[in-house]
Amino acid sequence: MNALGINLPGIIAYLINFAILLFLLQMFLYKPVRNMLERRQQRISNALAAADRAAEEAAQQRAEFEKELAKAREASQEEARKAAEATERMRQDILESARREAEEIKVKAREDADQEKQQLVADLQKQSAELAMQITNKVVKQAIDESTQRKLVNQFLADLGDA
């Protein structure tokens, strides 16, 4: 083999050196690099899991926010409806109060008119009685005693009331 340029002890030395180099690389380079890559892969997996959890939490918080927003909208609509109902009730109460007041004013005006009418009738009767006494005095031209005048006046008023 020497003729071919192959040195068997050199090849064996190269093979032993290669085996030692492989063993050393395995021990000092391959295992640490593999461990580093595994740790890196684990960190990336953890980071992705944390990102997924954060996305889920954000989705849950958004859903809760939307629920609260919907509740707030419903509450504000309910408050607006209650305010509108209260306003309508107040409007109805004011209208009813105004109607009652107008009716009371009408009744009072009628009562006042009736009272004035009665007063006018009484005044008219009094004036009629005085006028009748004056006419009677002129017609009779004599003095009638007061009791007779009262009888005549009362009779005249009774006749006037019947008419």
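Which residues form a nonpolar patch on the surface? They are L8, I12, I16, I20, F23, L24, M27 and F28, with about 790 Å² of accessible area together. Such a patch takes nonpolar side chains joined within 5 Å, from residues with over 30% relative accessible area and no salt bridge; areas come from the Shrake-Rupley method with a 1.4 Å probe. One of them, L24, sits in helix 1 (residues 8-140) and is partly exposed because its relative accessibility is 38% (buried is under 20%, exposed over 50%, partly exposed in between).

Keep in mind that this is a predicted model, where local features need pLDDT of at least 70 and side-chain atom pairs count only at pLDDT 80 or more, while totals for chains, interfaces and linings use all residues. Residues are numbered from 1 along each chain, and side-chain values use heavy atoms, leaving out hydrogens and water.

Overall, there are two helices and zero strands (DSSP runs of at least four residues for helices, at least two for strands). The radius of gyration, over C-alpha atoms, is 63 Å, well over the 15 Å from the globule rule for 163 residues, so the protein is more spread out than a compact globule (the rule is 2.2 Å times the number of residues to the power 0.38).

Now the salt bridges (Lys or Arg side-chain nitrogen within 4 Å of an Asp or Glu carboxyl oxygen). The whole structure has six, including these:

| Pair | N to O distance |
|---|---|
| R91 and E88 | 2.8 Å |
| E96 and R99 | 3.5 Å |
| K108 and D112 | 3.9 Å |

E78, R81 and E85 are linked in a salt-bridge network.

Note on methods:
Patch = residues over 30% accessible without salt bridge, like charges linked within 9 Å, V, L, I, M, F, W, Y side chains within 5 Å. Buried < 20%, exposed > 50% of the residue type's maximum accessible area, 1.4 Å probe, protein only.
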